[in-house]
Amino acid sequence: GDSPILVLEDFESVSLAARLQKEVIQAKDAFVILRHLATAVDQLHAFGMVHGALRPSGILIGQDLNLRIIDWMVDWNTVPAEYLREVAEYLSPERLTNLHPGPAADQFSFATIAYRLLVGRSAFPGEGLAEKLFRLRYSLFDDAVFGEMGSAGHAVFARAFSFDPSQRFESCSAFLSEIEKVPQQRIYEETRLLDVAEEQDDYPIPIGPATPEEQSNSGAGRG
């Protein structure tokens, strides 16, 4: 007949938001996810589309870290920003000020997701929604990246978080390429584990056996 048929893909997965709440995503896996996501978002832009509300809860992660953006067909640009309170920290300044967002707005959101994955923190932390919106509006992002990637990493994120969309990178892939060039010091791994443990108390923190040097230092301390 003439009845429409909706065909859905059988894609076994979990949202990126759920994974971030339950586990620490290692750097090599984080970069795989970000490469897939950058390619997908840039492809949307190549077809003249803008997502407008890219965020972890709208990204499904499947086996082999393949992913799907589940709500790319929704015209998020017509949804008032006040209805997106729970994802405000991932929205671009132009989206929050009711300006029509272009591809650079998605890049801003992509960069906030990259920050969360690589630094282990929100790029725009705040005690409440008002503070987060203020920090977003004026691109006052978290400075923990200095300890993770140094000034080089901070400079790359600063460009992606620029209030002026024209000052950002030409694509999500271009931004990610610059981040991949930055040495990953990984000194924040234990902090990320503790952050996850605080969010979910029953998550087992993987603590390996002490090294001989650590055992020696421990014995010296007991004197």
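The model is predicted, so local features need pLDDT of at least 70 and side-chain atom pairs count only at pLDDT 80 or more, while totals for chains, interfaces and linings use all residues. Residues are numbered from 1 along each chain as its sequence is written, and side-chain values use heavy atoms, with hydrogens and water left out.

**Overall layout**

- The protein chain has nine helices and three strands, where helices (H or I, at least four residues) and strands (E, at least two) are DSSP runs numbered from the N terminus.
- Read from the N terminus, the order of elements is β-α-α-β-β-α-α-α-α-α-α-α.
- Of the 223 residues in the protein chain, 43% are buried; buried means under 20% relative accessible area, exposed over 50% and partly exposed in between, with a 1.4 Å probe and protein chains only.
- Among contacts (heavy atoms within 4.5 Å) with a separation of 6 or more, 66% join residues 24 or more positions apart.

**The nonpolar core**

- A nonpolar core is a set of buried Ala, Val, Leu, Ile, Met, Phe, Trp, Tyr and Cys residues joined through side-chain atoms within 4.5 Å.
- The largest one holds 44 residues, and the members that touch the most others are Phe-110, Tyr-115, Leu-117, Phe-157, Phe-161 and Phe-175.
- Elements that each supply at least two residues of this core include helix 1 (16-22), helix 2 (27-46), strand 2 (59-62), helix 6 (145-160) and helix 7 (172-180).
- Helix 4 gives the most to this core, with nine residues.

**Helix 4 up close**

- Helix 4 has 17 residues and reaches 24 Å from its first C-alpha to its last, close to the expected 24 Å (1.5 Å times one less than its number of residues).
- Because 16 of its 17 residues are buried, helix 4 is largely enclosed by the rest of the structure.
- Gly-120 follows helix 4 and has a positive phi, near 85°.
- Tyr-115 touches residues including Gly-120, Phe-141, Phe-157 and Phe-161, leaving out those up to four places away in sequence.

**Aromatic rings**

- There are 12 aromatic pairs in the structure; rings of Phe, Tyr and Trp (its six-membered ring) pair if their centres lie within 6.5 Å, with planes under 30 degrees apart stacked, over 60 edge-to-face and the rest tilted.
- Phe-141 and Phe-161 form a tilted pair, because their ring centres are 5.1 Å apart and their planes stand at 55°.
- Phe-141 lies in the loop between helix 5 (129-137) and helix 6, and Phe-161 in the loop between helix 6 and helix 7, so this pair ties together parts 20 residues apart in sequence.
- Both Phe-141 and Phe-161 are buried.
- Phe-169 and Phe-175 also make a tilted pair, with centres 5.8 Å apart and planes at 55°, and both are buried.
- One aromatic cluster includes Phe-108, Phe-110, Tyr-115, Phe-124 and Phe-157.
- Arg-159 lies over the face of Phe-169, at 4.1 Å from the ring centre; the test asks for NZ of Lys or CZ of Arg within 6 Å of the ring centre and within 35 degrees of the ring normal.

**Buried polar side chains**

- His-45 lies in helix 2 and counts as buried at 18% relative accessibility.
- The side chains of His-45 and Asp-106 are joined by a polar contact of 2.8 Å; this term means a pair of N or O atoms within 3.5 Å where, within protein, one must be able to donate a hydrogen and the other to accept it, and residues adjacent in sequence count only if both atoms are side-chain atoms.
- Arg-55, in the loop between helix 2 and strand 2, is buried at 11% relative accessible area, and its side chain reaches the backbone oxygen of Ala-53 at 2.9 Å.
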